[in-house]
Amino acid sequence: MPFRTRLALPVACYVVLLVSALQTLVVPVVADIRADLGVSTSAVSWVVTANLLAAAVLTPMLGRLGDLHGRRTVMLGVLIAVLAGSVLAATTSDLTLLLVGRVAQAASFGLFPLAIGALREALPPHRLTGAMALVSGMLSVGAGFGLVVTGLLMRPGGDYHRLFWLAAALTAIGLAGVWLLPARPGAATGTLDWAGAGLLGLGLVLLLLPLAEGNGWGWGSARVLGLLAAAAVVLGLFVLFERRVTHPLVSTRMLGLRPIVVANAAGLFFGFSMFAVFLAVSTLVQTPPAVAGYGFGASVLATSLIYLLPGTAGGVLTAPLGGRLVARFGAKATLVIAAVLAGAGFGWLAVLHAATWEVIVGAFAVNTAVTFGYAALPALLIAHVEPSETGIANSVNSIARSVGMSLGTAFVVTMMTRNPVPGPVPLPREVQFTTVFGTGAVLALAAAATVAWLLPRARRPRLTAAEVEADEVLGAAGLDVPAGR
């Protein structure tokens, strides 16, 4: 095998690790960014929300560009954009420019499907299953790596700008690695749906802006209600427009199918859960108990290493377990198990969050549930669509998960800024955390009931656990599963 082809696996592992690391680097330092920039909690939340929102639009676009122009070429373009965004974020103390940098970094979300596609082109079939399982596991490793590095760089006196310089350095390494991969032409013909991307992006902004700012503007204000109505109109126009496009950004033909609707609702919930628990736990444990009467006064280092790392690092073990649950019990049962586990974790945190071990256990349960859910969703879609439609179905589900992450961020920020504890620094009351965790538990039980009640029992193919895991990775990346499956 040529040297450049042998590089496909290590380079794919690295860029996927980079994707998840860039997601978690800023989560524990949102409070530091707010203090440095002198902005409100709702305003600084857009450092996370803008990144997730841009990812929802960019990911299917980048996957389509990879099909048209070759995956190596598009990966190079993505990494250049991420590098530029990281340098901009590292050199600015202006919120607007920081948001521009975070939007550029959002292009990194497209690296996962592009890397899996490049791997599928480079490796022989007998090596592909194990290679994709390894690359998929890098999502959990990268998340844990991001949290550890954030904690180490943000020790007392640390400047959050260091994180963006680190992101720039890591991206430059990835750029060099991708440059060494062999160039292959695009495998598809057609055009990119730029108009559909614009409508989708506008509709999501109109939806998420009032959710993020509703607490300050007033939930019954004309601005909030007007923006929500405008979002409904624009997203409706997007659906109508996509039905008339030869190569749509998002296929709408399947959106009315009950299994697809349920799978996308579940994806929305698990995306919500992932960022809701990240942000709520980070805020809870960093709250000074002497002022608020609860919390741990934890540093960013302690938040990252003690409270958040166990749940994300545990994904290295729980992700393969999710694949085996699917192989043994089916995607529907695994999804129900995941939702029930998320409900248990959120319920635990709502009642028990006064001791360090209690918070760790609750966060670990929710993160494990998200891992199981993400393992089950591609397999669930594969069971209910034709092999030629799996890429389209998983692209839609990817958008649902990204929107869920944005909604989780907006919801937590809204709750954290209501009725603050009086004092020089506005702090949320303990009941607001209880409300966040309680809401998560209710939504989890609703998700479990919805999946159990509305999903039909699909015929499960006789596949090995390794084959199931391979299909999940292909599906999650928005790629077609072999017809023989």
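Predicted model: local features only at pLDDT ≥ 70, side-chain atom pairs only at ≥ 80, totals over all residues.
Which backbone oxygen does the side chain of Thr 150 reach?

1. The side chain of Thr 150 reaches the backbone oxygen of Leu 25, at a distance of 2.9 Å. Thr 150 itself belongs to helix α9, which spans residues 125-153.

2. Is Thr 150 buried or exposed? Its relative accessibility is 0%, and Thr 150 therefore counts as buried, the cut-off for that class being under 20%. When neighbours within four places in sequence are left aside, Thr 150 is in contact with Thr 24, Leu 25, Pro 28 and Val 29, as well as with Leu 163, Val 300 and Ser 304.

3. **The chain as a whole.** The secondary structure consists of 21 helices and zero strands. The chain has 485 residues, of which 55% count as buried. Of the contacts with a separation of 6 or more, 80% are between residues 24 or more positions apart.

4. **Packing of α5 with α6.** Two packed helices are described by the angle between their axes and the distance between those axes. For helix α5 (residues 46-69) and α6, the angle is about 135 degrees and the axes are 7 Å apart. The two helices are therefore oblique to each other. On the α5 side the contact is made by Leu 62, Leu 65, Gly 66, Asp 67 and His 69, and on the α6 side by Arg 71, Thr 73, Val 74 and Val 78. By class, these residues comprise four nonpolar, three polar and two charged.

5. **Packing of α6 with α7.** How do the axes of helix α6 and helix α7 cross, and at what angle? The axes of α6 (residues 71-91) and α7 (residues 95-105) come within 7 Å and cross at roughly 155 degrees. That angle makes α6 roughly antiparallel to α7, since angles over 145 degrees fall in that class. The crossing of α6 past α7 is left-handed.

6. **Residues between α6 and α7.** From α6, the residues Ala 81, Val 82, Gly 85, Ser 86, Leu 88 and Ala 89 take part; they meet Leu 97, Leu 98, Val 100, Gly 101, Ala 104 and Gln 105 of α7. This contact divides into eight nonpolar and four polar residues, with no charged ones. In the contact of α5 with α6, by comparison, two charged residues are present.

Methods. Residues numbered from 1 in each chain as written. Heavy atoms only, no water. Helix = DSSP H or I, 4+ residues; strand = E, 2+ residues; numbered from the N terminus. Buried < 20%, exposed > 50% of the residue type's maximum accessible area, 1.4 Å probe, protein only. Polar contact = N/O pair within 3.5 Å; in protein donor to acceptor, adjacent residues only side chain to side chain. Contact = heavy atoms within 4.5 Å. Axes fitted to C-alpha atoms, helices over the stretch in contact; angles between N-to-C directions. Parallel < 35°, antiparallel > 145°, perpendicular 65-115°, else oblique. Left-handed = near helix turned anticlockwise from the far one by under 90°. Nonpolar A, V, L, I, M, F, W, Y, C, P; charged D, E, K, R; others polar.
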